[in-house]
Amino acid sequence: MENLCRDQKKGLFGVTGNCAACSKLIPAFEMVMRAKENVYHLDCFACQLCNQRFCVGDKFFLKNNMILCQTDYEEGLMKEGYAPQVR
């Protein structure tokens with residue numbers, strides 16, 4: 001689980017590469033989002049199941065190299081037979 005923070009949105013990609021979500025080219029001057037070693041266009045940084053966009057402070061999950069919102073992540077755990085811990 002990661003929390004979306006302002007620092008993840010600040011940096012430029014720095015070198016030309018490809019978006020982890022759409023696989024299209026990201027120019028070196030374009031603003032990006034990062035999740036671990038993955039880099040995304042700003043518009044591509046959304047839940048890859050429901051397309052929910054994330055706001056600063058939102059929780060997101062990276063599972064099997066897919067960005068998921070909390071709801072879709074927890075539903076996936078339920079389907080796998082692993083209920084998330086509720087406190």
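Contact here means heavy atoms within 4.5 Å. By that rule, and leaving aside neighbours within four places in sequence, isoleucine 67 is in contact with Tyr40, Phe45, Ala46, Cys47, Gln48, Phe54, Phe60, Phe61 and Leu62. The structure is a predicted model, in which local features need pLDDT of at least 70 and side-chain atom pairs count only at pLDDT 80 or more, while totals for chains, interfaces and linings use all residues. Residues are numbered from 1 along each chain as its sequence is written, and side-chain values use heavy atoms, with hydrogens and water left out.

**Strands and hairpins**

- Helices (H or I, at least four residues) and strands (E, at least two) are DSSP runs numbered from the N terminus, and two strands pair if DSSP finds at least two bridges between them.
- Strand E4 (residues 32–35) pairs with strand E5 (residues 38–41) in the antiparallel sense, over 4 bridges.
- Methionine 33 has tyrosine 40 in E5 as its bridge partner.
- The hairpin of E4 and E5 has 2 residues between the strands, and lysine 36 there takes a positive phi near 55°.
- Strand E6 (residues 59–63) and strand E7 (residues 66–69) run antiparallel and are joined by 4 bridges.
- Lysine 63 has methionine 66 in E7 as its bridge partner.
- E6 and E7 form a hairpin with 2 residues between them, and asparagine 64 in the turn has a positive phi of about 50°.

**Nonpolar core**

- A nonpolar core is a set of buried Ala, Val, Leu, Ile, Met, Phe, Trp, Tyr and Cys residues joined through side-chain atoms within 4.5 Å.
- Buried means under 20% relative accessible area, exposed over 50%, and partly exposed in between (1.4 Å probe, protein chains only).
- The largest nonpolar core has 15 residues, and those with the most contacts inside it are Tyr40, Phe45, Phe54, Phe60 and Ile67.
- E4, E5, E6 and E7 are the elements that give two or more residues to this core.

**Charged residues**

- A salt bridge is a side-chain nitrogen of Lys or Arg within 4 Å of a carboxyl oxygen of Asp or Glu, and the count by this rule comes to 1.
- Arginine 53 forms a salt bridge with aspartate 43, with the closest N and O atoms 3.8 Å apart.
- Both partners, 10 residues apart, lie in the loop between E5 and E6.
- Arginine 53 counts as partly exposed because its relative accessibility is 46%, and aspartate 43 counts as exposed because its value is 63%.
- Aspartate 72 lies in helix H2 (residues 70–80).
- Aspartate 72 is buried yet has no salt bridge; the nearest side chain of opposite charge, lysine 79, is 7.5 Å away (Lys and Arg count as positive and Asp and Glu as negative; His and the chain ends are not counted).
- Not counting residues up to four places away in sequence, aspartate 72 touches Cys47, Leu49 and Cys50.
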